[in-house]
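Let's take a friendly walk through part of a protein model. Have the sequence and the 3D view at hand as you read.

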2 protein chains.
Amino acid sequence: MQIAILLYPDLTALDAIGPYEVLGRLPGVEVVFTAKEAGPVRTDLGSLTMTVDRPLGEVTRPDVLLVPGGPGTAAQLADQEVLAWVRSVDRTTRWTTSVCSGSLLLAAAGLLTGRRATSHWAALDGLARLGAQPVGDERMVPDGKYLTAAGVSAGLDMALRLAGSIAGDRTAEAVQLVLEYDPQPPYRAGSIATAPAGLADLLRANGLVVPALD
Amino acid sequence: MQIAILLYPDLTALDAIGPYEVLGRLPGVEVVFTAKEAGPVRTDLGSLTMTVDRPLGEVTRPDVLLVPGGPGTAAQLADQEVLAWVRSVDRTTRWTTSVCSGSLLLAAAGLLTGRRATSHWAALDGLARLGAQPVGDERMVPDGKYLTAAGVSAGLDMALRLAGSIAGDRTAEAVQLVLEYDPQPPYRAGSIATAPAGLADLLRANGLVVPALD
């Protein structure tokens, strides 16, 4: 089974690496990172470059497509070459998936029209404008073969669920144990519902760049 | 403030990228990936290459050192150039930290002798052999300026705690909300205590490679 993860400039690294770390451990799975051109892709925070081994034209029939998000998503929404590739490979995928604002790209390609889907909490409005039915209070949203996850770290949970669908629950549990994925965040600010009042609005106004608050 | 993340061949990508995604969002923080040589570093699953911008010799006084783990750690334990660099930068760090088997490298450098520390559940024995006092049932273990995390995904929790120490709790909460880190794993197999009986032994015997179990 081949799983293709689409990269592009200014994506958020964890959107891609979380699912990669889960899905890449499944027996019989090949994960391929692909982008318009082979070579380095700089991620959003600037320090990290990931390398693409195979351009889009060499990845034509993945079983699973995964589209990560990030500040760079916006530029991709108007890139007809990327959108055409997404539409093309979607015709034969078993699952078409996204993390964070990656769902905007699926929607811009016309794949989520009328479907329930989620995204990063700050991107849900954009998802509605692109014709999907945004769901804001679920960690991941399945609709047919489409599986969209909430922001950044939600890709880990989504990938584990997908791992269960691909390889069965016991194998997915083994991956979880290898990754020691027993989360114990020291704060409870990970969702709009639990974060301190006003924090989401402040971050939205700041383009999701974290200011000094203490 | 500069945070240095040490890379080496066959590290586990998420060990490095989880903390990077948290710490790299703090105001006034620069994250630098460093390794013996600048250029590409292939991670353990084979599909992903990360690029190092600056070799060890150009990173001499980071405020924070973070050492990720992975199957490649073993080869580093005998690399005197790497161990000498770790010892050298540790003399002036505010925090010296690790994720997963990265703590073995800190221990091999002599920094954890007699200290409480943790590691991936499969690496705790090795930590004891290298002179540390392994702690197996905590997600992260502080001892003075040393902060060690459990396996792979524990780096996210450790980095959030470190973010609070560096920038204050409110700023760390803002990072958590940007990453929408509200974990909801679909299984409860993420620790030795919660995983199905026998699964850890099976994985240990298989070198942590996940076999088909369903």
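## Strands side by side in chain B

In this predicted model, β2(B) and β5(B) pair in the parallel sense, with two bridges between them. One place to look is B:Thr34, whose bridge partner in β5(B) is B:Arg54.

Strand β2 of chain B, residues 30–35, also pairs with strand β1 of chain B, residues 2–6; this pairing is parallel too and runs over five bridges. Here B:Ala4 has B:Val32 in β2(B) as its bridge partner. Together with helix α1 of chain B (residues 13–23), β1(B) and β2(B) form a right-handed β-α-β unit.

The two pairings can be set out like this:

| Strand pair | Sense | Bridges |
|---|---|---|
| β1(B) and β2(B) | parallel | five bridges |
| β2(B) and β5(B) | parallel | two bridges |

Now move on to B:Leu56, which sits in the loop between β5 (54–55) and β6 (64–67) of chain B. Is B:Leu56 buried or exposed? B:Leu56 counts as buried because it has 21 C-beta neighbours inside 10 Å, and the cut-off for buried is 20 or more. Leaving aside residues up to four places away in sequence, B:Leu56 touches B:Thr34, B:Ala35, B:Lys36 and B:Trp85. B:Thr34 and B:Leu56 are 22 residues apart in sequence, yet their C-alpha atoms are 5.7 Å apart in space.

Finally, consider the nonpolar core. In soluble globular proteins, nonpolar side chains tend to be buried together. The largest nonpolar core here has 157 residues, and B:Ala163 is one of those with the most contacts inside it. Beyond four places away in sequence, B:Ala163 touches B:Val22, B:Leu23, B:Leu26, B:Thr171, B:Ala172 and B:Val175.

Key:
Residues numbered from 1 in each chain as written. Chains lettered and ligands numbered in written order. Predicted model: local features only at pLDDT ≥ 70, side-chain atom pairs only at ≥ 80, totals over all residues. Helix = DSSP H or I, 4+ residues; strand = E, 2+ residues; numbered from the N terminus. Buried ≥ 20, exposed ≤ 12 C-beta atoms within 10 Å, placed from the backbone. Contact = placed C-beta atoms within 7 Å. Pairing = 2+ DSSP bridges. Right-handed = clockwise from strand over helix to strand, strands pointing away. Core = buried A, V, L, I, M, F, W, Y, C linked by C-beta atoms within 7 Å.
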